Amino acid sequence: MQQDNKKNRKKWMWAGLLVCAVIVAALGYWKRIGIRNTIYKFLDIPAPISKETYGYYGKEVDVKVNPEERVSFQMTDEEADHIETDISKEESLTGSTYAIDEQLTKELESGNYTLEEPAIILNPYQISPLTGVVLFQTEKECRVRATVEGKTDEADITGVTAKGQNHRVPMIGLYPGMENQVTLELLDDEENVLEQTVITVKTDGLPEELRDMVSPVTVSGESAYGMTIVSGQSVHYPFAYDVNGDIRWYLSRQTASYGIFHLSDNRFIFQDKDGYIPSATKSYSTIMYEMDYLGRAMKMYFVPNGTHHEIIEKEPGGNLLILTSTLEDHIEDEIMEFDRETGEIVNSLKMTEIFGNRYTSKIDWAHLNTVSYQTEDDTILISPRNLNSGVKINWTTHEIVWILGNPEIWEGTKFEKYVLEPEGDFIWHYRQHTVYQLETDLDNNPDTVEISLFDNHTPHSGSKKYYEKSDDSHLTVYAVNEKEGTVSLLKQIPVKWSSVTSNTVYDAESGHIFGMCGSVVEEDDSITGMIYEFDYETEELLNQYFIREKFYRAIEMMPDYEAMSLPVERPEHYIAGSLRPAVKVKKKVEDPKQTLEEGLDFRLMSDILFAVMPNRTVSQIIFKGENAVYVYDLSYLKLYDEVYLQHTESIPIPLKEMEGGTYRIYCVYMDAYYDTGKSFTK
């Protein structure tokens with residue numbers, strides 16, 4: 001009898017296990033995620049990426065890497081003076097800015113220039129060709145109004161300088177390839193014109209990359225924006241065009257993939273191409289400059305895991321909120337708060353902290369593309385594109401406040417309780433960009449906040465079951481009642497379908513709304529851009545411009561003439577940030593028997609060594625000193641996308657933490673061990 005009971009229990013146990021296996025398999029098939037990934041989701045642990053890797057990952061030194069280890073620093077270019085080496089030394093863009101600015105001050109203070117005979121210096125900082133400064137002195141203190149004459153009155157570009165006797169008058173918005181007429185007016189405190197003159201400034205033509213870049217489609221002759229900046233993606237050189245579609249400003253230095261970002265003082269962040277960190281797919285820029293429209297770089301920042309879609313001030317003049325990547329087989333899935341003074345990371349949030357590992361079987365499972373901060377309730381508003389939602393989160397506690405998206409997306413998950421309930425019927429957004437909270441009360445209801453976004457309305461594999469087809473993208477504005485947990489649609493203006501990138505901007509002063517369509521797929525499969533300006537209330541189309549290349553975003557150009565008319569104040573430290581350091585090892589390292597002739601190069605900037613090589617050819621860089629050995633290991637960062645093997649890396653390695661002494665530089669290149677023939681002494 002007991003034996004029969006044991007047999008029955010075994011049968012039921014095996015039957016139970018079989019049923020569980022069938023359920024798991026069925027769920028895996030139903031969710032199209034496979035049995036393995038279903039199990040990982042149930043256990044809430046990261047699903048390993050099961051893809052072929054590309055590149056070389058050999059090791060000479062077995063070293064344990066902590067990807068989250070950071071060394072913070074504040075420095076200047078002069079740090080390089082303490083390093084003896086045959087490696088070429090380069091000055092930062094910030095260092096050259098201060099040197100040029102000092103020269104301009106000396107030239108102005110020479111007393112050789114007057115309003116009648118000023119010094120006219122075109123492109124003084126060498127990267128902003130359609131700008132200049134005019135130097136002269138006056139007997140009495142006054143302000144100066146500078147006007148670059150436009151082809152129409154609405155295209156005039158005007159600004160007023162700071163009050164003084166030594167005048168550095170910025171010229172912004174010169175036309176390319178022509179003689180520009182610039183009017184200079186001396187103003188008293190009541191803005192009466194005391195004296196004036198007209199100067200002629202001749203400029204070179206546009207570079208080939210920018211010729212025929214903008215074509216007006218519909219032009220009203222007026223715009224809420226004096227000039228509109230376009231940057232990122234295939235627009236490697238940021239440029240600005242006026243109401244007539246004429247390019248009046250550009251930078252001759254290429255940006256990284258996402259271009260430039262506004263700061264509150266009408267400066268901007270320039271995402272630089274000179275330093276990268278590899279990832280599971282593309283590489284990310286680790287360097288950004290704080291600049292103005294003359295091309296002056298006031299500060300240089302390093303971000304350890306690189307930057308991508310958003311760099312924005314948390315509050316005016318305060319810390320930066322930066323979208324970055326965990327690099328743990330995943331990309332574009334982390335937010336950090338960056339101290340602009342110290343370069344330290346003072347707060348960060350990985351998307352897995354919010355959403356667990358439910359979606360992490362894909363490399364780019366979140367794809368963050370915007371973040372912004374709301375001071376009044378200490379929240380951030382983010383846009384994880386691949387979750388088809390905007391999400392508001394408490395920035396201190398990292399708790400979800402609400403989720404804005406089609407409730408069907410979240411049905412049956414633990415996040416369902418946070419989803420805003422729709423009031424009325426409307427077409428939901430899909431794979432959206434630029435989710436921001438507006439300051440303007442557009443529905444005259446003090447109980448709601450308005451949220452704008454660019455609804456690309458692009459389907460993907462995970463959203464097809466609830467995706468509502470539309471041939472357009474949309475400029476969308478929602479009203480969210482946070483107390484009641486509801487959302488209603490205020491505005492949904494159709495524009496040409498833009499598969500990715502793009503942004504919506506509401507201008508409160510004019511009541512206009514802009515649709516910046518960055519990735520319009522044409523009939524011949526080429527990708528271009530289209531920019532719209534509408535009256536928000538009437539939805540009347542005011543202006544429309546065709547952009548020849550795919551771009552990331554377009555924003556208003558807002559130059560601060562007063563600030564640009566003053567010398568830049570050089571801080572004690574103008575380079576700040578944090579990077580992953582090389583790891584000190586106790587193991588004995590043998591000298592290589594062969595020397596690498598090509599494939600790896602170095603350059604030195606301040607106390608940062610840049611290793612330049614084709615992507616994934618070098619897996620370890622070894623610094624062998626008399627008393628210490630350090631290893632910068634790249635073997636743990638796997639590449640899953642073959643196309644990015646074509647990229648050339650320039651990886652920044654901080655030398656700050658290394659002990660003093662002479663170091664020979666070895667490497668593992670294509671899985672073979674080499675002496676690079678380079679060395680340095682700290």
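Biologist: Which residues gather in a patch of negative charge on the surface?

Modeller: This is a predicted model, in which local features need pLDDT of at least 70, side-chain atom pairs count only at pLDDT 80 or more, and totals for chains, interfaces and linings use all residues. Residues are numbered from 1 along each chain as its sequence is written, and side-chain values use heavy atoms, with hydrogens and water left out. A patch takes residues with over 30% relative accessible area (Shrake-Rupley, 1.4 Å probe, only the protein chains shown as cover) and no salt bridge, like charges being joined within 9 Å and nonpolar side chains (Val, Leu, Ile, Met, Phe, Trp, Tyr) within 5 Å. With Asp and Glu negative, Lys and Arg positive, His and chain ends not counted, and charges placed at NZ of Lys, CZ of Arg, CG of Asp or CD of Glu, the members are Glu149, Asp153, Glu154 and Glu222.

Biologist: What is the relative accessible area of Glu154?

Modeller: Glu154 sits in the loop joining strand 5 (131-148) to strand 6 (157-160); strands (E, at least two residues) and helices (H or I, at least four) are DSSP runs numbered from the N terminus. Buried means under 20%, exposed over 50%, and partly exposed in between. Glu154 is partly exposed, at 43%.

Biologist: How many salt bridges does a search of the whole structure find?

Modeller: The criterion is a side-chain nitrogen of Lys or Arg within 4 Å of a carboxyl oxygen of Asp or Glu. Across the whole structure, the number of salt bridges is 31.

Biologist: How many residues apart in sequence are the parts that Asp101 and Arg296 tie together?

Modeller: Their side chains form a salt bridge at 3.5 Å, N to O. Asp101 is in helix 3 (residues 93-108) and Arg296 in the loop between strand 17 (284-291) and strand 18 (297-307), so the separation of the parts, in residues, is 195.

Biologist: Is Asp292 buried or exposed?

Modeller: Asp292 also has a salt bridge to Arg296 (2.8 Å, N to O), and Arg296 has 1% relative accessibility. At a relative accessible area of 4%, Asp292 is buried.

Biologist: Where does Lys350 lie?

Modeller: Lys350 pairs with Glu328, with the closest N and O atoms 3.2 Å apart. Glu328 is in the loop between strand 20 (320-324) and strand 21 (334-338), so the pair ties that loop to strand 22 (residues 345-350).

Conventions. Buried < 20%, exposed > 50% of the residue type's maximum accessible area, 1.4 Å probe, protein only.
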